[in-house]
Amino acid sequence: MKRLLLAILVCVGMNMYGNPVDELLERIDAGASKKFETELWKSERDFFELDQKGQKVVVRGNTWVNIASGVNWYLKYYAGIHLTWNQMHAKLPAVLPPVTKKERHETDLTLRYAFNYCTFSYSMAFWDWQRWEQEIDWLALHGVNLPLAIVGEECVWRNMLLKLGYTEEEVGKFIAGPAFLAWWEMNNLEGWGGPLPRSWYQRQEKLQKQILARMKRLGMHPVLPGYSGMVPHDAKERLSLNVADAGLWNGFQRPANLLPTDPRFAEIAKLYFDELTRLYGRADYYSMDPFHESSDDASIDYAKAGEAMMQAMKRVNPTAVWVIQGWTENPRPAMVDGMKQGDLLVLDLFSECRPMFGAPSIWKRDEGYKQHYWLFCMLENFGANVGLHGRMDQLLDNFYLMSNEQLVMSNYSLKKGIGFTMEGSENNPVMFELMSELPWRPKKFKREDWIKGYVKARYGKAEPLTLTAWRLLSESIYNCPAGNNQQGPHESIFCGRPTSNNFQASSWSKMKNYYDIGTVREAARLMNEAAAHYRGNNNFEYDLVDITRQALADYARLQYQRVIGDYKAFDGKLFNLDAARFLNLLVMQDSLLGTRREFRLGHWTQAARNCGTTPEEQRLYEWNARVQITTWGNRYCADTGGLRDYAHKEWQGLLRDFYHKRWSAYFEALARQMSRQMQPDMTLLGGGPNANKTSAELFQMALPQEVTLDWYAIEEPWTLEQNAYSPEPVGDPVDMARKAMTMILKGLHDDSAW
């Protein structure tokens, strides 16, 4: 009787205030909400339930997010509709497939987190409300109820610094530009990419308020950015504060850390939280990552620092929880060991590869996070790089460790949920789909069984060619093994600065071969063979382009080795031929990726320009967008700091105008050197400069030499250009993928393909 009364009250409430899941359904497909009946029920455990009432599908749950998760489950496994970044709209059938038997899923993992600070710069830097609205729908459909919400944090800081006596000009030198705000927020750098115009602050404040309103309407708990002691590096002189100098980060000046023993720490923390609350309201969770990626500092009392930060947060909301990233040295035991259970929530940021919670890994902490609650997180992508990648078996093995009786981890029971902590989103949807289902699947399952259901949901049907293709992918490139610690996707040969020994593109990828490229090539061939049956299927065409792109990038590595072999063998004719073939592959990759909006440079640069209200602002934002994905920093930071190409992208437009230019310059330099080395050395005659060299020195001179080019001088001009790149796709993805696949297959066996 009580349950019936509650259901009646809930229905009355929904009629009065509207149903956020119905609104979400209408955004998926106009009229879709009329085909479902959603019921909000009270429950001690998180759950969703699928049922049938007449021609309507019934979805029950104890929260709106859980109901949305149920809707997503139904769409995938009953209707064959997969909603993800490349497809957030769908045409539902007039009559939905019935739920013939009630299906219920429950979980004790009640906290489901999303985002990394880096995501807000690598993927979201220039998002407008329309794109954010789709992302929040994605979050709800995938069960997220604890999203990081740091848009507009710069507005809080601007207001706070002005109140502390800083000028607008000084604020502009401290706060970073749109594409670099994440690293400013993480205490890594100051000012790079700025100064921000006033219109940017107005835009972001409005956008954050829209984001928070929608998240709260769906029952989510946004995680707002807290205060962890960051101050401008000149605060010691400017404000007479007692600070610890954080030094440099890859060549950038870091902000200073206000010591917790400074009598003004509480005052400045209060000023920050007051301004944050005035703009965006009070939160139940605050994110703070003090001393991020920094060495231990003897001048800092970490226990007192943690205590001061916790007290400042608790003054705002006594029941608030501090959310902190488990990453390298953080959270430092000295800082958090004295805190009460329940006050701290640790994000085990890279659980699928380098867990710190106690599972075997190079980052293992024998005692895990001790008394503190933590979330099992999947990082998956670094730098928002383009590339197929995943750790399916390792993800499943690490997640279901609790069922291993031989593993003794006293704090494993303190796992309270999961987290999506990718540095860049909108890639590898298969991995995020798998991760989102883990809380709702209490028993471990086989990767090969799950992939069958995924393929059917992804394309609306499953047939042998696509099933075989995805089986091959799940056994190879999507199954990076334990012990391989590479950071993110297997990088494209096209995207790295050229050398005679190219392998990885970015400095920190730790890339290592772990799959047979022939397996991925065969998967691409099967997808192309199946393409005639799926023409017009958006999800299939996205995957077709992405998988064929990977096969082409892998094949280009073989061609690159041929070019270098020709050079080392002093075969000038073959060198010129093979270098041209490599560049032809790069151009083909550009054309293939141009058939999809997601892989076009224009979708990034145009979004940046759209943020500007004046030509000057548009130029600033486009420069931010171009620099981030290429040099990342200035000459010193790019070269000595090693930041260049960290956020490289295999995108149409960037391949043609940036990477092609680098490779062409390199091949031309090698050709010139070969020409010189194959000419007689006249300096040995008549007492030239080489006449007195030893035989060993002359022998060394005769060997192939690495050429040295001023890469930054080649790269920087492109970052300053303003030529337009269209985001609109050109060409048919099926036809272009077939051309690319033909080039690969013929190139392997038949030189006439060229």
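Visitor: How much space lies in the second largest pocket?

Guide: This is a predicted model. In the model, the second largest pocket holds about 460 Å³ of space. It is lined by 25 residues. Closest to its centre are Glu293, Trp327, Glu423, Trp508 and Tyr646.

Visitor: What classes of residue make up the lining of the second largest pocket?

Guide: Count by class. The lining of the second largest pocket has 14 nonpolar residues, seven polar and four charged.

Visitor: And how much space lies in the largest pocket?

Guide: About 940 Å³. Its lining takes in 37 residues, and Trp127, Arg131, Glu426, Arg597 and His603 are the closest to its centre.

Visitor: Which elements give two or more residues to the lining of the largest pocket?

Guide: Three helices: H5 (129-141), H19 (538-568) and H21 (602-610). H21 gives the most, with five residues. By class, the lining of the largest pocket divides into 14 nonpolar, 13 polar and ten charged residues.

Visitor: Now the strands. Why is strand S16 largely enclosed by the rest of the structure?

Guide: Buried means under 20% relative accessible area. Five of the six residues of S16 (residues 373-378) are buried, so the strand is largely enclosed.

Visitor: Which strands does S16 pair with?

Guide: One is S15 (residues 344-348), which pairs with S16 in the parallel sense over four bridges. There, Val346 stands opposite Trp374 in S16. Another is S17 (residues 415-420), which runs parallel to S16 and is joined to it by five bridges. Here Leu375 stands opposite Gly417 in S17.

Visitor: Where do side chains point along a regular strand?

Guide: They alternate between the two faces of the sheet.

Conventions: Residues are numbered from 1 along each chain as its sequence is written. This is a predicted model: local features need pLDDT of at least 70, side-chain atom pairs count only at pLDDT 80 or more; totals for chains, interfaces and linings use all residues. Side-chain values use heavy atoms; hydrogens and water are left out. On a 1 Å grid over the protein atoms alone, a cavity is a set of points where a 1.4 Å probe fits but cannot get out, and a pocket is an open set with protein on both sides within 12 Å along at least five of seven lines; lining residues have an atom within 4 Å of a point. Grid points are joined across faces, edges and corners, and a volume is the space filled by probe spheres set on the points. Ala, Val, Leu, Ile, Met, Phe, Trp, Tyr, Cys and Pro count as nonpolar, Asp, Glu, Lys and Arg as charged, and the others, Gly among them, as polar. Buried means under 20% relative accessible area, exposed over 50%, partly exposed in between (1.4 Å probe, protein chains only). Two strands pair if DSSP finds at least two bridges between them.
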